[in-house]
Amino acid sequence: MKRVYFCLTIPFLFFAKVLILFRTSRFNQDLEKISNLISKTELDLDKEILYILAVAEDHRVNSHLGIDHYAMLRAIYYTKFKKQFQGASTIAQQLVRVATDRYEKTWRRKLREQLLAVLISRRFSIEQISTTYLKIAFLGSGMNGLDRYLKWKNINHSLTTLEKIEIISRLKYPEPLITNHEWSSKIKIRVGNISSKLEKSLPTSL
């Protein structure tokens with residue numbers, strides 16, 4: 001599987017390397033910004049929450065190099081033919097999106113995001129990328145990053161497995177300033193889905 005993903009990623013890597021040649025481009029500036037962010041992030045999160053993140057958001061994280069081609073093709077199929085939106089972003093891509101603060105829904109932005117994800121996936125470990133993402137991810141109003149979330153919720157004890165799942169669930173459904181029944185229902189379903197995936201999954205190295 002890793003070899004297949006590597007072969008499929010070669011064109012993206014080549015294109016990314018070409019863009020790097022333009023040293024004054026915004027692409028290089030963003031690559032340097034993300035790389036510095038990852039390098040400065042302390043690896044102080046426990047393995048369980050990183051594993052839950054992988055299971056929930058990117059369960060083939062140990063196989064690909066920043067782009068999950070299978071998920072990408074599946075998302076295109078469901079969007080094009082079944083009119084059902086499905087995400088295909090890897091953890092590396094989600095980190096790029098948050099770090100660059102670019103959310104425009106265009107193919108150019110998506111391609112750029114994928115190229116940057118490939119480059120940082122070659123430079124840094126899954127643990128480094130995952131930890132950095134959780135440290136800056138938007139979890140809800142006033143909760144940009146895990147540390148802000150814990151402070152906002154006044155949590156100063158060791159997190160339980162359920163609390164970790166609830167945190168990861170907020171990546172898909174950030175908590176609004178004033179919670180409502182609709183959001184609570186979505187979070188409850190998301191927590192249940194992740195819990196079910198964890199029960200079926202085997203431990204993954206991170």
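Helices here are DSSP runs of H or I with at least four residues, strands are runs of E with at least two, and both are numbered from the N terminus. You are looking at a predicted model, in which local features need pLDDT of at least 70, side-chain atom pairs count only at pLDDT 80 or more, and totals for chains, interfaces and linings use all residues. Residues are numbered from 1 along each chain as its sequence is written, and side-chain values use heavy atoms, with hydrogens and water left out.

**Stop 1: a loop residue**

Select N154, which sits in the loop between α8 and α9. Its phi is positive, about 55°, although N154 is not a glycine. Most residues other than glycine have a negative phi. N154 is exposed, with a relative accessible area of 62%; exposed means over 50%, buried under 20%, and partly exposed in between (1.4 Å probe, protein chains only).

Now jump to D101, in the loop between α5 and α6. D101 also has a positive phi of about 55° without being a glycine, and with 58% relative accessible area D101 is exposed.

Next, pick R102, which is in the loop between α5 and α6 (107-123). R102 counts as partly exposed at 25% relative accessibility. Leaving aside neighbours within four places in sequence, R102 is in contact (heavy atoms within 4.5 Å) with R97, R109 and R112.

**Stop 2: helix α2**

Show α2, residues 26-40, and find D30 there. Is D30 buried or exposed? D30 is buried, at 3% relative accessibility. Beyond neighbours within four places in sequence, D30 is in contact with T100, R112 and L116.

D30 also forms a salt bridge with R26, the closest N and O atoms being 3.4 Å apart. Here a salt bridge is a side-chain nitrogen of Lys or Arg within 4 Å of a carboxyl oxygen of Asp or Glu. R26 and D30 both lie in α2, four residues apart, about one turn of the helix. An α-helix has 3.6 residues a turn, so residues three or four places apart point the same way. R26 is partly exposed, at 48%.

**Stop 3**

The whole structure holds 15 salt bridges. Then go to α10, where E182 and K186 are four residues apart and meet in a salt bridge of 3.6 Å, N to O. Finish with R97, R109, K110 and E113, which are linked in a network of salt bridges.

**Stop 4**

Colour residues 47-57, helix α3: nine of its 11 residues are buried. Among what covers these buried residues are α5 (91-100), α7 (126-136) and α10 (181-200).

Which residues touch the most other members of the largest nonpolar core? They are I34, I120, I129, L134, I168 and L171, out of 47 residues in that core. The largest share of this core, seven residues, comes from α3. A nonpolar core is a set of buried Ala, Val, Leu, Ile, Met, Phe, Trp, Tyr and Cys residues joined through side-chain atoms within 4.5 Å. Zoom in on I34: not counting residues up to four places away in sequence, I34 touches L95, V96, A99, T100, L116 and I120.

**Last stop: W152**

End at W152 in helix α8, which is partly exposed at 48% relative accessible area.
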